[in-house]
Amino acid sequence: MNQEARRLVDRLWNYCNVLRDDGVSASNYLEQLSLLVFLKMADETEQLNAHRPSADHEHMLPTAPEWQGRGWPELIDLEGDPLEEAYSKLLIDLGRRTDQNDHTTLSLIFNRARNHIENPTHLRRLIVDLIDKEKWRNSRSDINGAAYEALIARSASDTKAGAGQYFTPRALIESIVRCMRPTPYDTITDPACGTGGFLIAAYEYITREYGDDLPDEDLHRLRTESIWGHEIVPATARLAAMNCLLHSLGDPTGEPIIDVGDALAKPPERHASLVLANPPFGRKSGINVSGKEAEAEADDRDNVTYNRPDFWVGEQTTTNKQLNFLQHIGTQLTDKGRAAVIVPDGVLYEGGAGSVGDLVRRELLTGYNLHTMLRLPENIFYAGGVKAHVLFFEAVPGHRADDDPPHTTYVWTYDLRTDSRFTLKKNPMKPEHLADFEKQAFDPSDPDRKHRKESDRFRRHAAAELLAQKQVNLDIARLSPEASAAKEPTASIDALTRYVAGDLRSALSEIEAFARELGVDLTAVSE
């Protein structure tokens, strides 16, 4: 992030701290910032129209006569109660869909939006002293987009629960995108896109690598059609849409590139040549996903079942979100499509022979080419105790008979966890920490991955041997004990104590998360 973006982040985040005294949370502040920045961008667009031919005019707000003069101009000169009342009414009017077919980025951002800043003095300062003094349109998209993403990251660290706890570090997102090398002719999606990090990183990679040679029509298609995501939480979808707009991705008056809803609810309507995802962690959800048609009982509102006959596990039913997302992603890939998915370690080994987990792992090896796994270090997510891998796999065209060899010949694993020590603030993961993995696993000079070589961290495993197990276990990406011992001198007592304490905290976090899933109240537990 450059100095200008850092300055903007510090200014905006410092005001978030001021609003805490009014009971405005970091997430609510970020939502209000999104709404107001959209209004300011709309005003800047209208000002640009004054210098353009009418045929080239753009509009971000409704153009009906009753909307003339509305938006940012009606807020900038108000103060006190009239300002709070005008802003609240403006949100209501923008969120009200007068046409059932009005499905635009505008309607997504303002749907059910409301004012959380009830102190008019603080609202005016945010409008006049902070947002109005910045330019938010395309000429500064690199600065404003980076600043907005940095605010999202700070908000996630401030709210270490819910979606924020699994916020994907930017360094990891960018590394995965570099490995996948998206092109302008890919169709790219994230079925659990959160605030849009993967979508934006893919778009930025393409425009950086191909931008000078991209015809205008290809760039327009890329911005408005070729990249899209799903997000189940409306407030998070709002942030994703705004984040994308600030990175010049999407069209404010066109179809939104973020669909609000559960991607698992039905087979994908659109297929993608590239899927990038960090689906929500957690062993269970309130949704059953089954390959057979289910008849829901009328009075059983807590037992929702999705019918997914396209899934890999036949008529078996599971509530495991990660296993369901893996199947969904696999079915969404086009022929020769490729995917990179972050999953918790449990996906690699949980479940006995013939279980849903075992069947999913077998299908990844037999029906797809699971060519690479990256064992991630601990302490890179805001939630404690999260241990995860990145799975890289490809769809293989053509029918495979049961007696045909598996589409995966070898699974290559890279262990970045052993002997790695990261913290969120003092020693966060940086691009240089992933450089060796990228070089060994996805060397640009070896695009087909035919000349890989084993090393201490990078190992090869025969898929046939993994499939020969009674229960497929993919938890295999570990640095050998000999190599690990040779890399570092014996740790000090202080370092070992801190490491053990970290493990204990991680274990406690996992126990607390499991208790929440089971509905067990631990508050009564005493020492």
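Is Ser 34 buried or exposed? I looked this up first. Ser 34 has 0% relative accessibility and therefore counts as buried (buried is under 20% relative accessible area, exposed over 50%, partly exposed in between, with a 1.4 Å probe and protein chains only).

**Entry: the model.** I note that this is a predicted model, in which local features need pLDDT of at least 70, side-chain atom pairs count only at pLDDT 80 or more, and totals for chains, interfaces and linings use all residues. Residues are numbered from 1 along each chain as its sequence is written, and side-chain values use heavy atoms, with hydrogens and water left out. The chain has a mean pLDDT of 85, and 83% of its residues reach 70 or more (pLDDT is the predictor's confidence in each residue, from 0 to 100). I marked residues 160–165, where the pLDDT is below 50. Beyond near neighbours in sequence, this stretch has nine contacts in the model (contact means heavy atoms within 4.5 Å).

**Entry: Ser 34 and its helix.** I placed Ser 34 in helix α2, residues 26–49 (helices are DSSP runs of H or I with at least four residues, strands are runs of E with at least two, and both are numbered from the N terminus). Apart from neighbours within four places in sequence, Ser 34 touches Tyr 148, Leu 239 and Met 242.

**Entry: α2 against α4.** I then looked up how α2 packs with helix α4 (residues 80–95): the angle is about 80° and the axes are 12 Å apart. Axes are lines fitted to C-alpha atoms, for helices over the stretch in contact, and angles run from 0 to 180 degrees between N-to-C directions. The two helices are therefore roughly perpendicular (65 to 115 degrees; under 35 is roughly parallel, over 145 roughly antiparallel, the rest oblique). From α2, Gln 32, Leu 35, Leu 36 and Leu 39 make the contact; from α4, Tyr 87, Leu 90, Leu 91 and Leu 94 do. By class I have seven nonpolar residues, one polar and no charged.

**Entry: strand β2.** Four of the five residues of β2 (residues 227–231) are buried, so this strand is largely enclosed by the rest of the structure. Strand β1 (residues 188–190) runs parallel to β2, joined by three bridges (two strands pair if DSSP finds at least two bridges between them). Ile 188 has Ile 227 as its bridge partner in β2. β2 also runs parallel to strand β3 (residues 258–260), again over three bridges. Glu 231 is opposite Val 260 of β3.

**Entry: the open sheet.** I found an open sheet of three strands in the order β6-β5-β7, with mixed pairing. β6 (304–307) and β7 (317–318) are at the edges with a single partner strand each, so one side of each lacks a neighbour in the sheet. Strand β5 (residues 287–290) pairs with β7 in the antiparallel sense over two bridges. Ser 290 stands opposite Thr 317 in β7.

Definitions and conventions. Ala, Val, Leu, Ile, Met, Phe, Trp, Tyr, Cys and Pro count as nonpolar, Asp, Glu, Lys and Arg as charged, and the others, Gly among them, as polar.
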